[in-house]
Amino acid sequence: MDYKSSLIQDGNPMENLEKQLICPICLEMFTKPVVILPCQHNLCRKCASDVFQAANPYWTNRSSSLSMSGGRFRCPSCRHEVIMDRHGVYGLQRNLLVENIIDIYKQECSSRPLQKGSHPMCKEHEDEKINIYCLTCEVPTCSMCKVFGAHQACEVAPLQSVFQGQKTELSNCVSMLVAGNDRVQTIITQLEDSCRVTKENSHQVKEELSQKFDTLYAILDEKKSELLQRITREQEEKLGFIEALIQQYRGQLDKSTKLVETAIQSLDEPGGATFLLSAKELIKSIVEASKGCQLGKIEQGFENMDYFTLDLEHIVDTLRAIDFGTDEDEEEFIEEEEDQGEEVSTEGKEEGHQ
């Protein structure tokens, strides 16, 4: 084996050396003792024995009392036919150089951290570790399944190479997923910003709307107070006029009552001379009192206050029609309100003059 040229080709000598120490049967690092075939390829003695036993099922081992002339099998690397004597694989020469290289390699790798977890075993061959990958079936399996089992006709590859490939693929998938998560997080951040801005904008327009309605309330309260004051002034003027008339009529009534009492007393006077002395003056006073009954009066409907009634149906309809719109719509609404206010003011003035 040309270890030097292989090691130079790779930037990682230890990793490349490990590849050179892989058994073509079990696809793991050679397990001592290591035997070398006449074609100069190496095998674990156990793997060589498994291949030899599979090719020579009736051959007995050297501990048997029966003696066989030997057997043959083909090298799994180059398919060269290997002829064995009666000792079988125990007659093959051990490759001490490879065994020494394995020892040195293991010493160099002794500082590497141990992998956690136990190595999975093959379900079909319980004593065999899963050490190869079936590319045809896309499942990991063991070397015995490739040599004797269900994967004899399948294409296989070392578990490590497939492991590295799928690990790289998984890493790429993770990178893609992380990138996707970053994009999703960016969208979430944008949506959260949109929520915040929406709340701020809503609060702002609510404040503006409240201020506008507060202005309307203030205008309505001011107008209400003004109209109530006008009604109160009109009420006071009319009541003052009526109460003055009442005082005049009461004064006239008191004067007439006293004259009636005086006249009755005169009528009770038995003497004619005495009666005549006061009767003429009394009759004159009664006649003057009768003329004084023609005092001022109120006109019909004087107490009516209907001319202070407001027709607000169109304003109510306008208020009910208030809705959100563009600035142009708001300007038109304000102009309509001003026009209607002028009309109401004009009507109130005309009714007041009446």
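The model is predicted, and local features need pLDDT of at least 70, side-chain atom pairs count only at pLDDT 80 or more, and totals for chains, interfaces and linings use all residues. Residues are numbered from 1 along each chain as its sequence is written, and side-chain values use heavy atoms, with hydrogens and water left out.

I begin with the cores. A nonpolar core is a set of buried Ala, Val, Leu, Ile, Met, Phe, Trp, Tyr and Cys residues joined through side-chain atoms within 4.5 Å; buried means under 20% relative accessible area, with a 1.4 Å probe and protein chains only. The largest such core has 27 residues, and Leu21, Cys23, Phe30, Leu43 and Phe73 touch the most other members. Among the elements giving two or more residues to this core are strand 2 (42-44), helix 3 (45-55) and helix 4 (96-108). Here helices (H or I, at least four residues) and strands (E, at least two) are DSSP runs, numbered from the N terminus.

Which residues does Leu43 contact, leaving aside neighbours within four places in sequence? They include Cys23, Phe30, Val35, Ala48 and Phe73, where contact means heavy atoms within 4.5 Å. A second, separate core of 5 residues includes Cys122, Cys142, Met144 and Cys145.

Three strands form an open sheet in the order 7-6-8, with antiparallel pairing; two strands pair if DSSP finds at least two bridges between them. Strand 7 (139-141) and strand 8 (156-158) are the edge strands. Strand 6 (residues 132-134) is joined to strand 8 by 3 bridges, and Cys134 has Val156 as its bridge partner in strand 8.

Terms used:
Buried means under 20% relative accessible area, exposed over 50%, partly exposed in between (1.4 Å probe, protein chains only).
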